[in-house]
Amino acid sequence: MLTLPPFEYHAPTSVDEAVALLAQHKGEVKVIAGGTDLLPNMKHRLFTPKHVVGLKAVAGLDSIREEANGLRLGAMTTIASLARSPLIQQRLPSLALAAAQIAGPQLREMGTLGGNLCLDTRCVYYNQTYFWRKALGFCLKKDGTVCHVVKAGKKCVAAASNDTAPVLMTLGATVCLAGPSGVRQLPLAEFYVPDGIVNTVLRPDELVVEVLVPAPSARLRLGYQKVRVRASIDYPALTVALAARVYAEDRLEQLRLVVSALGARPHTVAGLDALRGRKLDAAVIDEVSRVAHKQCHPLTSINVDTEWRREMIPVFIRRAFAQARTPVLAS
Ligand SMILES: Cc1cc2nc3c(=O)[nH]c(=O)nc-3n(C[C@H](O)[C@H](O)[C@H](O)COP(=O)(O)OP(=O)(O)OC[C@H]3O[C@@H](n4cnc5c(N)ncnc54)[C@H](O)[C@@H]3O)c2cc1C
Ligand code: SF4
């Protein structure tokens, strides 16, 4: 049986109090939201914080609100609430689809949006017990000096495995981070960095408090596709999120495509601006699939054949486009 290491639990009731606790115990503290990622990781001795700051008692972090210029999603909103919210299903269907495919039902009731965005990167050589990792030899991400996936690598390439991040990136979301000097906002795409040891720019004394999503328009077409071994519970082996904004006769005004579960951060497919003005037809979809296939290289950090996953990229991009035929219900 795997047990938790000892720690002191704190239950602040405000964001300011939570941030003060993070600053006070810097280097020895972790935030806990639903605990569905943190607690297994602590049991594996991947983290052994002396202090744990729980966010459950902090008021006002769990709402989904629509305002004139978009939607505000609180960090403590559960994944299950995102999946079943009629507002999210109508306005941001790709986000509802992604949320509904995270983990299994119990984990979706416990897990939160903030925890999902801050999910630790995953790797077959890392998400193991202390005994397992010691027997193999530790790695760069924790206690060691080498990467078992990219032998000469100096950066960890453990996979970004959160389902909401790629979707929210295609939606142009902004993340709000509360710290000792107030709240700062940054585009979610800039929140992630290409090193799986810590793949976000979140500072140790900061919290994710909210995500802002620009108001969707009826010209938006959204899709989300996920490959996983067991559809009932598994982390992604590959995900494809797309948001296409079209004008008259389905001509492309903007196309955002993010492919994830490849490396340490979700990959925004580059070079799609060249398709602006083209009709969103089979030829364009083939072209997008070719561009993405060329740019995306799955790694062995995930225990599903890399060549197969790569060949699935065009397949799942086509499926995401098929799903994206229905216009979003704008307000
Ligand atoms: C069997 C299994 C299957 C899973 N499958 C999937 C899957 O398919 N897709 C997927 O995306 N996830 C999956 N997960 C992971 C997890 O359940 C979800 O990502 C969940 O949304 C995490 O949220 P949480 O609130 O439980 O996070 P926690 O475990 O509480 O926290 C996760 C991390 O985020 C930090 N954190 C939490 N909230 C904040 C905040 N507001 N500000 C700053 N830091 C914060 C914590 O310190 C910790 O480092 C799976 C987990 C399990 C156990
Ligand atoms: S990618 Fe390399 S460094 Fe990162 S967790 Fe896996 S083995 Fe460790």
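**View 1. Arg278 and its salt-bridge partner in the predicted model.** Arg278 is partly exposed in this predicted model, with a relative accessible area of 32%. Take a look at the end of its side chain: Arg278 meets the side chain of Glu287 in a salt bridge, with 3.2 Å from N to O. Glu287 is partly exposed as well, at a relative accessible area of 28%. Elsewhere, salt bridges with shared partners link Arg65, Glu67, Arg72 and Glu210 into one network.

**View 2. The salt bridge between Arg276 and Asp273.** Here the closest N and O atoms of Arg276 and Asp273 are 3.8 Å apart. Arg276 counts as exposed, because its relative accessibility of 51% is over the 50% cut-off. Asp273 is exposed too, with a relative accessible area of 54%.

View 3. Asp250 and Arg221 form a salt bridge whose closest N and O atoms are 3.6 Å apart. Asp250 sits in the loop between S10 and S11 while Arg221 belongs to strand S9, so this pair ties together parts that are 29 residues apart in sequence. Are the two partners buried or exposed? Asp250 is partly exposed at 33% relative accessibility, whereas Arg221 is buried at 11%. As a bit of background, side chains of opposite charge can pair when their charged atoms come close. The model has 21 salt bridges in total.

**View 4. The open sheet of four strands.** Follow the strands across this sheet and you will meet them in the order S9-S10-S11-S12, with antiparallel pairing. Its edges are strand S9 (220–227) and strand S12 (267–268), each of which pairs on one side only. Between strand S10 (residues 238–247) and strand S11 (residues 251–260), which run antiparallel, there are 9 bridges.

View 5. Helix H10 (residues 282–295) lies across S11 and S12 and runs at about 35 degrees to S11. Helix H11 (residues 306–323) also packs on the sheet, where it touches S9, S10 and S11. The direction of H11 makes about 145 degrees with that of S9.

View 6. Which residues make the nonpolar surface patch of about 270 Å²? They are Leu4, Phe7 and Tyr9. Phe7 lies in the segment before strand S1 (8–10), and this residue is partly exposed, with a relative accessible area of 32%.

Note on methods:
Residues are numbered from 1 along each chain as its sequence is written. Chains are lettered from A and ligands numbered from 1 in the order in which they are written. This is a predicted model: local features need pLDDT of at least 70, side-chain atom pairs count only at pLDDT 80 or more; totals for chains, interfaces and linings use all residues. Side-chain values use heavy atoms; hydrogens and water are left out. Patches are made of residues with over 30% relative accessible area and no salt bridge: like charges are joined within 9 Å, nonpolar side chains (Val, Leu, Ile, Met, Phe, Trp, Tyr) within 5 Å. Accessible areas come from the Shrake-Rupley method with a 1.4 Å probe; for residues, only the protein chains shown count as cover. A salt bridge is a side-chain nitrogen of Lys or Arg within 4 Å of a carboxyl oxygen of Asp or Glu. Helices (H or I, at least four residues) and strands (E, at least two) are DSSP runs, numbered from the N terminus. Buried means under 20% relative accessible area, exposed over 50%, partly exposed in between (1.4 Å probe, protein chains only). Two strands pair if DSSP finds at least two bridges between them. Contact means heavy atoms within 4.5 Å. Axes are lines fitted to C-alpha atoms, for helices over the stretch in contact, and angles run from 0 to 180 degrees between N-to-C directions.
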